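Here is a short walk through one structure. Keep the sequence and the coordinates side by side as you read.

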Amino acid sequence: MAALDLLGRRWTMRIVWELSQGPAGFRELQRRCERMSSSVLSTRLEELAQARLVTPRDDGYHLTPLGEELVGALRPLGDWSRRWAAAGGA
């Protein structure tokens with residue numbers, strides 16, 4: 001339930017998805033997530049770092065191996081959601 005609580009917070013999945021595309025600095029993440037305030041981004045990055053899903057490095061924020069594993073675990077859900085949308089579910 002703790003994982004679902006974390007992942008269900010506004011913008012958390014978007015940050016994970018953006019970092020799955022490659023590392024990004026704070027300003028770059030904020031640019032990619034155009035409506036996110038800097039305070040929310042800072043809070044979400046801190047939460048994701050505490051959960052050991054994201055780590056800051058000199059060249060920006062990266063997914064940790066555990067964060068990359070999360071992205072892999074979510075792929076079947078993404079596949080299902082595309083089938084659901086194609087069937088008129090969305």
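Two strands pair if DSSP finds at least two bridges between them. Strands (E, at least two residues) and helices (H or I, at least four) are DSSP runs, numbered from the N terminus. The model is predicted, so local features need pLDDT of at least 70 and side-chain atom pairs count only at pLDDT 80 or more, while totals for chains, interfaces and linings use all residues. Residues are numbered from 1 along each chain as its sequence is written, and side-chain values use heavy atoms, with hydrogens and water left out.

Start with the strands. A hairpin joins E1 to E2 through two residues. Strand E1 covers residues 54-57, runs antiparallel to E2 and is joined to E2 by four bridges. Within this pair, Pro-56 stands opposite Tyr-61 in E2.

Now follow the chain past E2 (60-63). Thr-64 sits in the loop between E2 and H5. Thr-64 has a relative accessible area of 12%, so the residue is buried; buried means under 20% relative accessible area, exposed over 50%, and partly exposed in between (1.4 Å probe, protein chains only). What does Thr-64 touch, not counting residues up to four places away in sequence? Its partners are Arg-52, Leu-53, Val-54 and Thr-55, where contact means heavy atoms within 4.5 Å. The C-alpha atoms of Thr-64 and Leu-48 are separated by 10.0 Å.

The axes of H2 (residues 12-20) and H4 come within 10 Å and cross at roughly 75°. Axes here are lines fitted to C-alpha atoms, for helices over the stretch in contact, and angles run from 0 to 180 degrees between N-to-C directions. H2 and H4 are therefore roughly perpendicular to each other, the term for 65 to 115 degrees; under 35 counts as roughly parallel, over 145 as roughly antiparallel and the rest as oblique. Thr-12, Ile-15 and Val-16 of H2 meet Leu-41, Arg-44, Leu-45 and Leu-48 of H4.

Ile-15 also belongs to the largest nonpolar core, which has 18 residues. Such a core is a set of buried Ala, Val, Leu, Ile, Met, Phe, Trp, Tyr and Cys residues joined through side-chain atoms within 4.5 Å. Ile-15, Leu-19 and Leu-48 touch the most other members. Helices H1 (2-7), H2, H4 and H5 (65-86) each supply at least two residues of this core.

Finally, look at Glu-47 in H4 (residues 38-50). Is Glu-47 buried or exposed? Glu-47 counts as buried because its relative accessibility is 18%. Leaving aside neighbours within four places in sequence, Glu-47 is in contact with Leu-6 and Arg-9.
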